[in-house]
Amino acid sequence: MQLQTILSLLTGKGVDYDFVGDESININQVASLDKAKSDQVSFLTDKKYQSFLKDTEAGLVILNRQTASDTRDTRAAQLLVDNPYYVYALVAQFLNPLKSLPNTIHPSAVIHSSANIADNVSIGANVVIQAGTTINSGTYIAAGCVIEEDCLIGSNCRLGSNTSICHQSIIGNNVIIEAGAVIGGDGFGWANNKGQWVKIPQVGRVVIGNDVSIGNNVTIDRGAIEDTIIEDNCIIDNQVVLAHNVKIGSGSAIAGQAGFAGSTTLGKNCTVAGQVGFAGHITIADNVHFLAKSGVTNNITEAGAYSGFPAVKASDWQKNSVRIRQLDKLAKQVKALQKQIEKLSD
């Protein structure tokens, strides 16, 4: 793609930029600064990689406008923007568009006669679509998917292979669900009577908004009574578990292996790092950010960064971590003081 075309596409996306260099060069792919060739584009956001900038062979480098005066020492053409990583993502999309998919239904697919399938939907081999389900235009369903009865799947969605969408689930538009995910399975609802476990029917649904991305092997349980809800523009990494009646606020991001116990509410624009665990029946405010392996056991009412177990403000956790590393030294000092006191007592 000619660089001039890339710049025009960025303008169409509303990106404000300054450009230094030759717009006529061709860009074929993205690459890291130290590996890029003259027909490739890279970016710089982290100063620890700044040493690569001088020697990079990249044809185009995307730089932060605010710090560009410190990073002009490069032979590459320069695209100066406010958010280099975001612009890099857009350029990567331009150079690597999603493959166009045929609007065909594989002959091995099993589709109930009452299902409502739009004309331009692609359905792969061995897909099962049960009664009363509606699938809107532009949606792609890969091989082996099972979509149970009375589901609603919006337009321009992509369901990876062997995904299961359980009964009455509602999925918005432009949703990506990667391979092996289970949406709307039964939550972990049981009652105990004298050692005997009795299953509680899970009668809620899963409702997923628009522009949501769900990773491989994610499990989102249906609500026990009310619905489990994922609001618009959320991104969920691989192997995340969301139990029944969890609510994820719009714009939130959840990294791999995080787990949410039942009836947890996560606010809007939150970020959850890997392996964070949430106790059930707690509420998290908007704009809260959890560091990896945090254990969240209580309501969080203030925005900010949190870490540790139980999770506290990250600044407090860091101070406590330093003090914990000093415990052995402190114990020895206390022991020495005890001996001095004993001598004085004698």
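This is a predicted model: local features need pLDDT of at least 70, side-chain atom pairs count only at pLDDT 80 or more; totals for chains, interfaces and linings use all residues.

Biologist: What makes the contact of D186 and K199 a salt bridge?

Modeller: The N to O distance between these side chains is 3.2 Å. The rule asks for a side-chain nitrogen of Lys or Arg within 4 Å of a carboxyl oxygen of Asp or Glu, so the pair qualifies. The two residues are 13 residues apart and link distant parts of the chain: D186 is in the loop between β18 and β19, and K199 is in strand β20.

Biologist: Why are D186 and K199 called partly exposed?

Modeller: D186 has a relative accessible area of 40%, and K199 has 39%. Buried means under 20% and exposed means over 50%, so values in between are called partly exposed.

Biologist: How do you know that D227 forms a salt bridge with R205?

Modeller: Their closest N and O atoms are 2.7 Å apart. The limit is 4 Å, so this pair also meets the rule. D227 sits in the loop between β23 and β24, while R205 sits in the loop between β20 and β21, 22 residues apart. D227 is partly exposed at 22%, and R205 is partly exposed at 30%.

Biologist: Is E231 buried or partly exposed, and why?

Modeller: E231 has a relative accessible area of 19%. Buried means under 20%, so E231 is called buried. E231 forms a salt bridge with K247, at 3.6 Å from N to O. E231 lies in the loop between β24 and β25 and K247 in strand β27, so the pair ties together parts that are 16 residues apart in sequence. K247 itself is partly exposed, at 34%.

Biologist: How many salt bridges does the rule give?

Modeller: The count comes to 9 salt bridges. There is also a network of salt bridges that links D16, D18, R65 and D82.

Biologist: Which residues line the largest pocket, and how do they divide by type?

Modeller: The lining is made of Y86, A89, L90, Q93, N96, P97, L98, R158 and I176. These divide into 6 nonpolar, 2 polar and 1 charged. Arg counts as charged, so R158 is the charged residue in this lining. Helix α2, residues 84-95, gives the largest share of the lining, with 4 residues. The volume of this pocket is about 430 Å³.

Biologist: What is the volume of the second largest pocket, and what lines it?

Modeller: Its volume is about 160 Å³. Its lining includes A31, L33, F43 and Y49, along with D34 and D46. The whole lining divides into 6 nonpolar, 3 polar and 2 charged. Asp counts as charged, so D34 and D46 belong to the charged group.

Biologist: Which residues form the nonpolar patch on the surface?

Modeller: I324, L327, L330 and V334 form the patch, and together they have about 360 Å² of accessible area. Helix α4, residues 327-345, contributes the largest share, 3 residues.

Biologist: Why can L327 count towards a patch and yet be called partly exposed?

Modeller: L327, which has its place in helix α4, has a relative accessible area of 47%. A patch residue needs over 30%, so L327 passes that cut-off. Exposed means over 50%, so L327 is still called partly exposed.

Technical notes: Residues are numbered from 1 along each chain as its sequence is written. Side-chain values use heavy atoms; hydrogens and water are left out. Patches are made of residues with over 30% relative accessible area and no salt bridge: like charges are joined within 9 Å, nonpolar side chains (Val, Leu, Ile, Met, Phe, Trp, Tyr) within 5 Å. Accessible areas come from the Shrake-Rupley method with a 1.4 Å probe; for residues, only the protein chains shown count as cover. Buried means under 20% relative accessible area, exposed over 50%, partly exposed in between (1.4 Å probe, protein chains only). On a 1 Å grid over the protein atoms alone, a cavity is a set of points where a 1.4 Å probe fits but cannot get out, and a pocket is an open set with protein on both sides within 12 Å along at least five of seven lines; lining residues have an atom within 4 Å of a point. Grid points are joined across faces, edges and corners, and a volume is the space filled by probe spheres set on the points.
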